Amino acid sequence: MEQVKVGIVGCGMITARRHAPEYTDNPHAQIVGFYDFDQERAGELAAGYGGKVYGSPEELFADPEIDAVSICSPNYTHASYSIKALEAGKHVLCEKPMALTLEDTRTMMDTAQRMGKILMIGHNQRLLPTHRKARELLQSGMIGNILSVQSNFRHSGPENWSVNRTNTTWFFDKNKAHFGALGDLGAHKLDIIRFLTGDEVQSICCDTVTRDKRYPNGELIDLEDNAFALFRMRSGIVGTMNVSWTNYGEEDNSTILYGDKGVMKIFGDFADDIVVELRDDTRVKYQVGAISTNQKQLKSGIIDDFVESIRTGRAPTVTGVDGHNTLAVIVAANQSAKERRWVDVAY
């Protein structure tokens, strides 16, 4: 396939800042059109990037000209829209979290397999050159056996990123988002931990709190704006994860891995992408590439990977299994926070 023709469902900031410009930048992709419940917003993107405005997701999915669909709508629509698109014979790139339940993720994967179509999930951090270099170094044994992991993702909240830039954002609506910071930011960190270690989380202990995010009436939102987790992986690696929507300073998207030969710090110092400190006092720095922030978006690589997987027939870098397994940990973490105990992850 020389040219992949794409429809985009959902015209919020993730489309405006990532999907639309990155499809346009790819010589093998063409945007056919957009759908959003806000037709004016869809019209603005169509005017800027080309293509038509569809009156419904179903109309977009039914268009025979479209080969693939990006699902960039609120979380509660991810499963239903993805399944409809797959059943209509489209390849699907679905933003994270993959769905709200593991039953839905299984249905999404089953539908993709039955229809012979690609299902990719938008866990973009594993496409970052720095994370890929870090994985290569870890697999080479540079810091030896990984003993423990510490990973953070803290920024000032989705209301400072989302398209309307107010606390009326759907990210604060439990019916639409389902998850708070744990699903929004934790999805990224749990996936990158899995990617870097090549391991799966076995059990988790999590606490969630709502400290500062409020609805327009002044009441605290119904979703967590901070989550803190301890976890054990199948290989014995132990770790911590801290995600937050209440960091009103410089964004923190760091991961530190502690091995029996040394320590690897990824984005722990914004001047250096990877810093490795070994037991013999050797210190090595690798400057590979910066990470996107809410203030400065960089090319993610997720769109190029999706388009290339369609054109060549290879599996995408982030599969439905990756989305499913990451969601399984989030589900267990939510259960842990509610029941105040360690929970085994049920994949």
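User: Over the ring of which residue does the charged end of Arg135 sit?
Analyst: This is a predicted model, in which local features need pLDDT of at least 70, side-chain atom pairs count only at pLDDT 80 or more, and totals for chains, interfaces and linings use all residues. Residues are numbered from 1 along each chain as its sequence is written, and side-chain values use heavy atoms, with hydrogens and water left out. A charge sits over a ring if NZ of Lys or CZ of Arg is within 6 Å of the ring centre and within 35 degrees of the ring normal. At 4.6 Å from the ring centre, the charged end of Arg135 sits over Phe195.

User: At what distance from the ring centre of Trp342 does Arg232 lie?
Analyst: The arrangement again places an arginine over an aromatic face, here Arg232 over Trp342. The distance to the ring centre is 4.0 Å.

User: How many aromatic pairs does the structure hold, and is the pair of Trp170 and Phe171 stacked or tilted?
Analyst: Rings of Phe, Tyr and Trp (its six-membered ring) pair if their centres lie within 6.5 Å; planes under 30 degrees apart count as stacked, over 60 as edge-to-face and the rest as tilted. The structure holds three such pairs. The centres of Trp170 and Phe171 are 4.0 Å apart and their planes lie at 20°, so this pair is stacked.

User: Is His19 buried or exposed?
Analyst: His19 belongs to helix α1, residues 13-25. Buried means under 20% relative accessible area, exposed over 50%, partly exposed in between (1.4 Å probe, protein chains only). With a relative accessible area of 0%, His19 is buried.

User: Which strands are the edges of the open six-stranded sheet?
Analyst: The sheet has the order β3-β2-β1-β4-β5-β6, with parallel pairing; two strands pair if DSSP finds at least two bridges between them. The strands that pair on one side only are β3 (52-53) and β6 (119-121).

Notes: Helix = DSSP H or I, 4+ residues; strand = E, 2+ residues; numbered from the N terminus.
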